[in-house]
Amino acid sequence: AVVVEVIWTIVPFLIVIVMALPATKVLVAQKDTTNADLTIKTTGYQWKWGYDYLNGEGEGLAFISTLDSSQRAMSDAGAKGAMPDDYLLKVDNPMVVPVQKKVRIITTANDVIHAFAVPQLGLKQDAIPGFVRDTWFRAETVGDYYGQCQELCGKEHAYMPIHVKVLSAADYTAWVATKRKEAAAKLDDPTKVWTLHDMLARGAKVYAANCAACHQANGKGAGPIKPLDGAAKVT
């Protein structure tokens, strides 16, 4: 009986040890964000994402990613009829990364707690104001990967998608070059004299990217924002 008790104690113990060694190695690797090929700071805002390329190819690039205005218009209209496959997932500026490269994601937030999550890439990391956290991923296949904020962050929580676009090395290099040219073109010439036409065109772009989700061009409300003009509570 003593021999049997020793056996059924030692054998399971050895099995646990054998299982624990590779499992521990995997868990440590999951948290190891060193030696990344590319580092991107991801900042959560109500209700959009900011991407800053800190290290690696594309260093210095920065932009805001928000829900495409056409998607919001479909939602405001009641999402009637056939909806596209990327309904409420299409953004104006996706995060773009190269395939087969280790990408470190640093998360933080500007206002409330958000969560950067892309299930297909195994990503889920809270973005907390005043704190910096990090995770990493390596995309093995070129394509489009989608996610959403997974922390209730306010009334527009459902309109905060994430689009990670994975490109081949050559295509990624070309994308970086294009974005650098776009950034250079956006720099204001201090000697430029702005005409009314120029200002209207620039204002239209700013409005479409930042304001159209809640405010109509005619001054009325949109989406969750109710118009004050003509409201019974406003005199």
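Biologist: What is the volume of the largest pocket?
Modeller: The largest pocket has a volume of about 850 Å³, counted as the space filled by probe spheres set on grid points joined across faces, edges and corners. This is a predicted model, in which local features need pLDDT of at least 70, side-chain atom pairs count only at pLDDT 80 or more, and totals for chains, interfaces and linings use all residues. Residues are numbered from 1 along each chain as its sequence is written, and side-chain values use heavy atoms, without hydrogens and water.

Biologist: What makes a residue part of the lining of the largest pocket, and which residues are closest to its centre?
Modeller: A pocket is an open set of points on a 1 Å grid over the protein atoms alone, where a 1.4 Å probe fits, with protein on both sides within 12 Å along at least five of seven lines; a lining residue has an atom within 4 Å of a point. There are 26 lining residues here, and Glu 182, Lys 186, Arg 202, Lys 205 and Val 206 are the closest to the centre.

Biologist: Which elements each supply at least two residues of that lining?
Modeller: Strand S3 (62–65), helix H3 (169–186) and helix H4 (196–210) do. H4 gives the most, with eight residues. Helices (H or I, at least four residues) and strands (E, at least two) are DSSP runs, numbered from the N terminus.

Biologist: Why is the contact between Glu 182 and Lys 179 called a salt bridge?
Modeller: The term needs a side-chain nitrogen of Lys or Arg within 4 Å of a carboxyl oxygen of Asp or Glu. For Glu 182 and Lys 179 the N to O distance is 3.5 Å, so the pair qualifies. Glu 182 and Lys 179 are three residues apart in helix H3, which separates them by about one helical turn.

Biologist: What do Lys 165 and Asp 144 tie together?
Modeller: Their side chains meet in a salt bridge with an N to O distance of 3.2 Å. Lys 165 lies in strand S10 (residues 161–167) and Asp 144 in strand S9 (residues 143–148), so the pair ties together parts that are 21 residues apart in sequence. Lys 165 is partly exposed at 30%, and Asp 144 is partly exposed at 34%.

Biologist: How many salt bridges does the structure hold?
Modeller: The structure holds seven. Lys 124 and Asp 126 form one of them, at 3.4 Å from N to O. Arg 72, Asp 76, Lys 155 and Glu 156 are linked in a network of salt bridges.

Biologist: Why does Asn 35 count as exposed?
Modeller: Its relative accessibility is 72%, so Asn 35 falls in the exposed class. Asn 35 lies in the loop between H1 and S1, and its phi is near 60°, a positive value in a residue other than glycine.

Biologist: What phi does Gln 100 have?
Modeller: Gln 100 has a positive phi of about 60° although it is not a glycine. Gln 100 is in the loop between strand S4 (95–98) and strand S5 (103–109), and at 44% relative accessibility Gln 100 is partly exposed.

Biologist: What makes the peptide bond from Gln 46 to Trp 47 cis?
Modeller: Its omega is near 0°. Trp 47 is found in the loop between strand S1 (38–45) and strand S2 (48–55). Most residues other than glycine have a negative phi, and most peptide bonds are trans.

Terms used: Buried < 20%, exposed > 50% of the residue type's maximum accessible area, 1.4 Å probe, protein only.
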